[in-house]
Amino acid sequence: MKNPDRLLIIDFGSQVTQLIARRLRELHVYCEIHPFNKVTEAFLAEFAPKAVILSGGPASVFAEGAPLPPRAVFGLGVPILGICYGQQAMMHLLGGKVQRGHGTAEFGRAYVTPTEEKLSILDGWFAEGREQVWMSHGDHVSEIAPGFQVYGTSPSAPFAITADPARHFYAVQFHPEVHHTPKGAKLYENFVKLAGFKGDWTMDAYREAAIQRIRDQVGTAKVICGLSGGVDSSVAAVLIHEAIGDQLTCVFVDHGLLRLGEAEQVVTMFRDHYNMPLIHADESDLFLGALEGVSDPETKRKIIGKLFIDVFQKHAHDVGGAKFLAQGTLYPDVIESVSFSGGPSVTIKSHHNVGGLPEKMGLKLVEPLRELFKDEVRALGRELGLPASFIGRHPFPGPGLAIRCPGEITREKLDILRQADAVYIDQIRKHGLYDEIWQAFAAILPMKTVGVMGDHRTYDFALALRAVTSVDGMTADYYPFTHDFLGETATRIIQEVPGINRVFYDCTSKPPGTIELE
Ligand code: XMP
């Protein structure tokens, strides 16, 4: 395949470098991120970028061995945009001056006002006099390089926006890629336009490139993939299968804690529809046996996590000689600040994953979705022909129904829960609400209550319904169903599901609650 027009992002280690790539993908521009130490003169000649972006990063140009781009980058004759540390590196190399932080570090919201001169990458900016931007820097530029002019200032960043338009060099102190710089996307749009990108890069082309990368990484080796039936592992599996065919074997661990019909759906989809080698490990007796009598949430999670790894390892062994483990890791799982555990210091819940397994089994990782966000993974899934019903599915946690069954888990409770959950989701779909909701599910409560049905007294379980809106699962709000919807749903569940005689709706946001009950 001929290389498309491409933009090179030279990475200096910012937490938000991937967001630059995301903004560019939204503009249908093909880009690649490469760490600064890989970008040599020879690399530049071979890559032949149509434009270059120098990312932010935590370093200081004063540090010994400070990360810097090769000088040759400024001789390519293509537009260059330096961001934050990228701006400092640019000034440092082109003859300007950078000053150490010394108490002038600036973090968070700031406002930039324009100078007299107009600049094409600022088209659409400053309609209301000033623009909000997001700053996050220690050092700052104190003298701009020859040829540069100032186009925007903020109270603590006199060189917030600088440029040498004749050479098409642009440098900003703030981060245009984050949401807190509302006009940032416009700045990128202007930048890629002046660089001559046509904006015709698509998810289809992304898929082609991803397939090529997988082939290059894996060669003729065997790969195993833990398939949960969730969107991420499903898209990863289909993509890898397209790349390497039957060199991939998926292992679907059925722990007996899945929803109604879920195991059949997953097996039918992957084995029959996609014709993939798939091991369906029905280990429900093992898991449910180990969980008998356990009601502490963390103990449940630990038991499931450990057994999952044991079972996976056992079956992976059968594949014989796999060298790679495929995972559907997404970018938000990679960034520490939004990591699942709620930050580096506190463990709210021990999340279920196959962490630790690759080292133990001597496997290398294949993570083809590592640079994508959830909505992009869904777009890729559509591109790969996964049915909409699969792609739009709400997230489902690794420990499954175990954490929707507070207190002791019994087969009876799980059966009741499966049926009640299916009625609830059916209601949500019938009312056309499924796609508005981040996640909806039922949980069976560890209590029985008294009711009356016909002329009979009942003494059955109570059920909690949960539905939340969220962007990333880190924070969430409860979904405001109408009273009519709630009333109708409660009636249907109690009539259709033996074993439930009372239904509650959970109105807790996150925080202070969490999405799952345990
Ligand atoms: P919480 O309950 O922590 O959930 O607010 C946030 C999101 O994470 C999902 N979740 C998990 N996902 N393994 C997963 O893969 C887990 O152990 C796990 N626990 C919770 C939860 O469903 C929600 O989407």
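This is a short tour of a predicted model, stop by stop, with something to select at each one.

Before you start, note that residues are numbered from 1 along each chain as its sequence is written. Because the model is predicted, local features need pLDDT of at least 70 and side-chain atom pairs count only at pLDDT 80 or more, while totals for chains, interfaces and linings use all residues; side-chain values use heavy atoms, with hydrogens and water left out.

Select Q18, I33, R213, R370 and E371. Of the 28 residues lining the second largest pocket, these are the closest to its centre. The pocket has a volume of about 640 Å³. (On a 1 Å grid over the protein atoms alone, a pocket is an open set of points where a 1.4 Å probe fits, with protein on both sides within 12 Å along at least five of seven lines; lining residues have an atom within 4 Å of a point. The volume is the space filled by probe spheres set on the points, which are joined across faces, edges and corners.)

Now colour α1 (17–26), β2 (30–35), α5 (203–218) and α10 (331–334), each of which supplies at least two lining residues. Helices (H or I, at least four residues) and strands (E, at least two) are DSSP runs, numbered from the N terminus. Which helix gives the largest share of the lining? That's α5, with six residues. By class, the lining has 14 nonpolar, seven polar and seven charged residues. (Ala, Val, Leu, Ile, Met, Phe, Trp, Tyr, Cys and Pro count as nonpolar, Asp, Glu, Lys and Arg as charged, and the others, Gly among them, as polar.)

Pick H28, in the loop between α1 and β2. H28 is not a glycine, yet its phi is positive, at about 60 degrees. Most residues other than glycine have a negative phi, and most peptide bonds are trans. H28 counts as partly exposed, at 39% relative accessibility. (Buried means under 20% relative accessible area, exposed over 50%, partly exposed in between, with a 1.4 Å probe and protein chains only.)

**Stop three: C84**

Go to the loop between β4 (80–83) and α3 (85–94), where C84 lies. Here too phi is positive in a residue other than glycine, near 55 degrees. Is C84 buried or exposed? With 3% relative accessibility, C84 counts as buried. The structure holds zero disulfides, a disulfide being a pair of cysteine sulfur atoms within 2.5 Å. For C84, the nearest cysteine sulfur is that of C31, 19 Å away.

**Stop four: H179**

H179 sits in the loop between β11 (169–172) and α4 (184–194). At 68% relative accessibility, H179 counts as exposed. Select V133 as well: the two C-alpha atoms are 9.1 Å apart, though 46 residues separate H179 and V133 along the chain.

**Stop five: helix α8**

Show residues 284–291 and pick out S284, F287, L288 and L291, which are buried. Look down the axis of α8: these buried residues fall within an arc of 90 degrees, so they line one face of the helix. (The arc is that of the directions from the helix axis to the C-beta atoms.) They pack against β13 (248–254), β14 (278–282), α9 (297–319) and α14 (411–430), with contact meaning heavy atoms within 4.5 Å. Just after α8, G293 takes a positive phi of about 80 degrees.

The peptide bond joining K510 and P511 is cis, with omega about -15 degrees. Another cis bond joins P511 and P512, where omega is about 10 degrees.
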